[in-house]
Amino acid sequence: MLLQHIADGVLSGAVVALGAIGLSFAMKILRFANFSHSELLTWGAYFALVFLGFTTAFSDFFGGNIGPLSFGWPLLIAMVLSAVATSVLALVLHALVFEKLGRGAGHMTMVFASFGIALLLRHVVVLIWGPNPIYYSNELQFAVLLPGNVRVMPDQVFLLGLTIVLVVSLHLFMTRSRAGIAMRGVSENPDLARVSGVNVDNVVRWVWVIGASMAAIAGVLYGLTVQLRPELGFGLILPLFAAAILGGAGSMYGAVIGGLVVGLSENLSVMIIPTTYKPAVPFLLILLILYFRPDGLFGERR
Amino acid sequence: MTRNVLEASGIFAGYSPELPILHGVDLNVGQGEVVTIIGPNGAGKSTFIKAIAGLVTVTAGNVQLNGRNITHIRSHRLAASGVGFVPQNGNIFTTLSIHENLVLGAISLRSKPARQRIAEIYRQYPVLQERQFEKAGILSGGQRQILAVARALLTHPRLMLLDEPTAGLSPKAAAELFSVVRSLVDSGSSVLMVEQNARAALRVSDRGYVLAEGRNHADGTAAALLDDNDIRHIFLGMPQQYADHHIAGQNGERDHYNPRESN
Amino acid sequence: MIGVISYLVFFLILALIFSIAVLGLNLQWGYTGLFNAGVAGFIAVGAYTMAIMTGPSREAVMGGFELPFVVGLLGAMCTAGFAALVVGLITLRLKDEYLAVATFGIAVTIQLVCLNWEYVTGGTLGLISIPNPAKPLTDGPLAQNSVFLLIVVGVGGIAFWSLERIVQSPWGRMLKAIREDADAAASLGKSPTRIRLESFVLGCMLMGLSGALYVAFIGYVSPSDFLPIVTFQIWTMLIVGGSANNRGAVLGAIIVWGVWTSSGYVISKLVPTEIQAQGGAMQAVLIGLILVLMLLCRPRGLIGERMNVSRHARI
């Protein structure tokens with residue numbers, strides 16, 4: 001039973017980790033706690049649903065499902081398109097609201113605006129797709145039995161694998177590419193980056209694109225392994241913040257480890273508290289972190 | 001007659017338009033010159049350098065770089081237009097490796113020339129190459145300043161702006177840094193720096209400007225300023241309060257040691 | 001005509017009940033600069049306290065003390081204040097945005113407790129038959145509501161008057177000083193954390209009071225009354241009216257509640273019943289739009305802070 005909880009914790013933690021990467025960057029580089037970030041997960045999941053409608057039209061061309069997975073190439077392509085669409089959505093929000101507020105008002109006004117945006121985004125989803133849960137596929141999938149009596153779905157294994165691939169690629173981007181190094185430079189010292197020739201406005205857009213793409217993929221993976229519903233992102237606000245704060249704002253690895261810690265503690269908590277209180281676990285984690293280590297476990301200090 | 005790299009005239013600047021810190025400062029830097037700005041605390045020396053760099057808003061006046069107007073330049077275009085800026089605090093990225101610091105310094109170049117320039121910098125400053133993969137945060141004070149200067153040098157700036165480059169350095173490290181400053185001229189840059197360590201800075205400078213209360217107070221060749229009795233007393237060694245007190249009563253005599261050209 | 005008047009009374013009661021919560025939020029955000037993202041949670045604490053203290057006894061649920069209305073109001077303020085004290089002690093010394101995250105979390109947690117701690121809260125069904133203090137005094141719904149309106153005006157008036165006194169007191173000026181520059185305020189020998197905590201607790205007590213009045217008026221309480229949308233509504237009321245101005249807070253409450261109820265009415269007429277959820281979503285979208293547009297176009301609200309000396313006034 002313990003091993004099963006650990007496996008479930010790692011899997012749900014992987015989704016939280018992907019979502020928290022963007023939130024963590026936002027807190028450090030955009031310098032505000034973006035309450036609307038988790039809605040990007042919701043939109044990513046629903047965008048993929050739309051694109052899936054198009055790509056399945058070509059399913060003869062793509063062939064059927066991949067191996068034991070419940071989906072095939074159409075969903076993967078839809079996921080990539082969704083990452084693009086979600087990035088566009090994030091850039092539009094940035095241009096219309098956050099960029100303007102960031103210039104004049106204080107950062108708390110941005111936090112506050114993100115509240116309003118979150119509300120808007122969540123309810124527009126209800127308007128377009130309705131309030132009821134939706135699934136990408138109605139196929140039933142059979143769990144695979146791993147040693148230690150742990151059951152996992154093949155889709156969940158895919159989820160974990162994709163998360164690892166994304167984190168490694170992001171690591172390479174941040175350390176090898178000039179755009180990635182510029183992003184880390186802006187994160188540490190925006191003024192110095194500016195006088196060194198970094199176009200900070202562009203870096204900020206990169207941050208939105210990366211955060212939104214990761215969020216979109218996390219949303220699709222959540223939709224794949226759980227379900228799509230308008231409150232998908234809303235329910236993840238606290239887990240995402242817990243992971244980002246636990247990891248320390250601006251630290252990608254911190255966000256990943258934070259995500260795993262959040263996923264594990266949520267799933268292990270049911271051994272000691274009633275399942276109905278599980279959603280409060282990230283909040284308790286946040287309080288603990290803020291009380292003992294306000295900079296997070298891996299917060300970068302100068 | 002030397003050509004001027006930097007011509008700044010009538011600069012008003014500050015953090016808010018109602019409260020300018022600079023009240024019409026004029027300053028030129030000629031080709032191949034090292035120019036130092038000295039003056040008491042709060043005279044607006046650093047503000048002037050930041051205004052040139054686009055970090056402080058210029059509300060009136062004109063800044064020309066090689067005859068091109070750069071008054072309201074956006075700071076990230078500065079490096080590409082030929083100005084290297086070394087701020088006083090936080091002038092390197094401590095969480096990045098030394099190599100990554102240089103990559104950022106060369107970000108306005110295309111990637112191939114950037115690689116070549118970084119290689120040249122490594123030849124010039126071997127200490128940086130030896131430790132290129134270490135985090136810049138572990139460097140000593142003097143090495144940090146060298147990295148900061150090297151970072152700003154990558155774009156072959158025609159003008160280097162240095163804000164208090166020797167602040168907090170040991171005398172030995174400061175001396176080394178001043179020789180680096182002098183060598184910048186040999187590699188084709190002109191230098192404008194602000195220094196608390198005024199006497200040492202003037203010794204490696206060609207000319208100097210004295211600012212007080214956001215206005216030009218005096219200027220002249222470094223040697224003349226070093227020789228000038230009043231300047232020596234007020235700015236090169238006397239306690240600051242005394243200097244401030246003195247300036248107030250000195251306005252009438254300004255022209256005495258102010259060989260400013262009338263144009 | 002009677003219909004219009006009785007609706008107007010009904011509308012005003014709710015708008016004024018909300019305005020008390022908005023006043024509490026105004027003390028926290030407008031005067032002290034504290035971001036409370038868990039308004040609904042503190043209202044819920046007050047509401048449930050009122051229900052438990054004044055409600056009739058029932059099987060398998062704690063409470064049923066049948067205490068007087070006024071005791072219920074005071075009790076609601078105490079429990080909401082206590083909840084605020086606990087949250088504030090942990091988070092107020094931290095950065096502003098962490099306070100936002102933590103208060104958001106407390107609202108989610110309070111919601112969970114309301115849903116699941118059946119022995120105290122009655123679970124999803126909630127608690128019903130909460131006595132209305134106006135009922136024994138009157139005959140007929142309009143008279144009853146009119147008396148209740150008087151009660152709300154009285155309680156709200158006391159809250160408004162006290163807040164006006166408070167913000168002009170030395171303590172109130174201290175709040176603004178801390179909002180502008182906590183370090184400078186600290187150098188005057190005051191503990192900013194202490195004063196921020198006091199402001200936070202006091203603001204949350206008003207939210208608890210608002211929740212208590214709400215329950216006494218509606219007559220029942222259930223977890224679905226305190227969804228996060230309530231927090232948004234209260235915030236929008238404050239921003240529309242203008243923060244750091246108590247009159248603005250009341251005005252904003254009336255305007256936004258008016259927009260909310262009338263849009264709900266229009267939508268219910270236009271939208272077929274089978275897609276009711278979408279109708280509710282339209283209302284929420286409307287509130288979200290008002291909030292964001294106000295921030296962008298008229299950040300100081302309809303009536304902003306009177307003295308325009310602060311960087312906060314731009315918000």
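This is a predicted model: local features need pLDDT of at least 70, side-chain atom pairs count only at pLDDT 80 or more; totals for chains, interfaces and linings use all residues.
I will start with the open sheet in chain B. Four strands make it up, in the order β2-β1-β4-β5, and their pairing is antiparallel. The edge positions go to β2, residues 22-30, and β5, residues 68-69; each has a single partner strand, so one side of each has no neighbour in the sheet. At the β5(B) end, the partner is β4(B), residues 57-65, and this antiparallel pair is held over two bridges. One residue pair to look at there is Leu65(B), whose bridge partner in β5(B) is Arg68(B).

Helix α1 of chain B, residues 45-53, lies across β1, β2 and β4 of that chain. Relative to β1(B), which spans 4-14, the helix runs at about 110°.

Next, strand β9 of chain B, residues 207-212. Is this strand buried or exposed? Six of its six residues are buried, so β9(B) is largely enclosed by the rest of the structure. Residue by residue, one side carries Arg207(B), Tyr209(B) and Leu211(B), and the other carries Gly208(B), Val210(B) and Ala212(B); both faces are covered.

What does β9(B) pair with? One partner is β3(B), residues 34-38, which runs parallel to β9(B) and is joined to it by four bridges. Within β9(B), Val210(B) is the residue opposite Ile38(B). Another partner is β10(B), residues 215-221, and here the pairing is antiparallel, over six bridges. Leu211(B) has Asn216(B) as its bridge partner in β10(B). The two strands β9(B) and β10(B) form a hairpin, with two residues between them. In that turn, Glu213(B) has a positive phi of about 50°.

Last, the interface between chains C and A. In contact here are 42 residues of chain C and 44 residues of chain A. The two chains bury about 4000 Å² between them, and 82% of that is on carbon and sulfur atoms. How many salt bridges are there between chain C and chain A? The count is zero.

On the chain C side, the elements giving two or more residues are α3 (69-91), α4 (96-116), α10 (228-241) and α12 (276-297). Of the elements on that side, α4(C) gives the most, with 14 residues.

Note on methods:
Residues are numbered from 1 along each chain as its sequence is written. Chains are lettered from A and ligands numbered from 1 in the order in which they are written. Side-chain values use heavy atoms; hydrogens and water are left out. Two strands pair if DSSP finds at least two bridges between them. Contact means heavy atoms within 4.5 Å. Axes are lines fitted to C-alpha atoms, for helices over the stretch in contact, and angles run from 0 to 180 degrees between N-to-C directions. Buried means under 20% relative accessible area, exposed over 50%, partly exposed in between (1.4 Å probe, protein chains only). Buried area is the accessible area (1.4 Å probe) that two parts lose on being put together, summed over both. A salt bridge is a side-chain nitrogen of Lys or Arg within 4 Å of a carboxyl oxygen of Asp or Glu.
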